[in-house]
Amino acid sequence: PIYFTPDFNVYFTYADSLEDGNSKFYDPADYLPSHPYYGQTISFAPYRSKQYELGTKARIGELDLSAAIFQITRPTYYEVNLIYGEQGEQRNRGAEFTAGGKLLDALSVYGGVTFSDAKMHKSANSAVEGKTMIGEPKIQANLLFDFVVPQTNKLAFTTNLHYTGKRYVDELNTKSTDDYATVAVGSR
């Protein structure tokens, strides 16, 4: 990290990671006997994903704040013309903001929001070029409150609010799931 003051810094990270290769079983129930891989399992070599992130972190009193922009690229595998394989590149670009710390002596908060643009690039199927990746929401947010009951032996109650934006379920982005929110409560 590059530090400017004790309570503020800027950072840049780069990660080049090696991930397990995908595999595909051509189930005889789903393919005709004439398929070249009928009943076989095809395994692919490990692949690399790359991530760049530029961000800032600051501490104001008892509150930690951070903001970052990022890009992640990796190959994507799916089926084209009944053949599964590397068919393009997934590129996720986005921004994330987080905050956490004590609001009061007995009340802490932790939360964040991520905006992500996960697109298909360099696709073997031109119809999906530039489309949003299956299952990738454009927005996710989380907010957790933690309340410690004063004058107890650390009895605490928590409430966690989570939001996930709509997600596409097909490569052409014609069908999607609705966005949703969940609330979880707990004690310890």
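Which side chain does a polar contact join to that of Glu-53? The partner is Gln-51, whose side chain meets that of Glu-53 in a polar contact of 3.3 Å. The structure discussed here is a predicted model, and a search of the whole of it finds 8 salt bridges.

- When neighbours within four places in sequence are left aside, Glu-53 is in contact with Tyr-11, Phe-12 and Thr-13, with Ala-68, Ile-69 and Phe-70, and with Glu-96.

**Nonpolar surface patch**

- Phe-12, Tyr-14, Tyr-52, Leu-54 and Ile-69 make a nonpolar surface patch of about 510 Å², to which strand 2 (8-19) and strand 5 (47-60) are the elements that give two or more residues.
- Ile-69, a member of this patch, has its place in strand 6 (residues 63-80).
- Two of the patch residues, Phe-12 and Ile-69, are also among the residues in contact with Glu-53.

**Salt bridge between Glu-89 and Lys-122**

- The side chains of Glu-89 and Lys-122 meet in a salt bridge with an N to O distance of 3.9 Å, and this pair links distant parts of the chain, since Glu-89 is in strand 7 (residues 83-104) whereas Lys-122 is in the loop between strand 8 (107-121) and strand 9 (139-148), 33 residues apart.
- Glu-89 is partly exposed, with a relative accessible area of 21%, whereas Lys-122, with a relative accessible area of 63%, is exposed.

- Arg-59 forms a salt bridge with Glu-62, in which the closest N and O atoms are 3.7 Å apart, and Arg-59, Glu-62 and Asp-64 are linked in a network of salt bridges.
- Arg-59 counts as partly exposed at 34% relative accessibility, and Glu-62 likewise counts as partly exposed, at 47%.
- Lys-119 and Asp-117 meet through their side chains in a salt bridge of 3.6 Å, N to O.
- Lys-119 has 19% relative accessibility and therefore counts as buried, the cut-off for that class being under 20%, whereas Asp-117, with a relative accessible area of 32%, is partly exposed.

How values were computed: Residues are numbered from 1 along each chain as its sequence is written. This is a predicted model: local features need pLDDT of at least 70, side-chain atom pairs count only at pLDDT 80 or more; totals for chains, interfaces and linings use all residues. Side-chain values use heavy atoms; hydrogens and water are left out. Patches are made of residues with over 30% relative accessible area and no salt bridge: like charges are joined within 9 Å, nonpolar side chains (Val, Leu, Ile, Met, Phe, Trp, Tyr) within 5 Å. Accessible areas come from the Shrake-Rupley method with a 1.4 Å probe; for residues, only the protein chains shown count as cover. A salt bridge is a side-chain nitrogen of Lys or Arg within 4 Å of a carboxyl oxygen of Asp or Glu. Helices (H or I, at least four residues) and strands (E, at least two) are DSSP runs, numbered from the N terminus. A polar contact is a pair of N or O atoms within 3.5 Å; within protein, one must be able to donate a hydrogen and the other to accept it, and residues adjacent in sequence count only if both atoms are side-chain atoms. Contact means heavy atoms within 4.5 Å. Buried means under 20% relative accessible area, exposed over 50%, partly exposed in between (1.4 Å probe, protein chains only).
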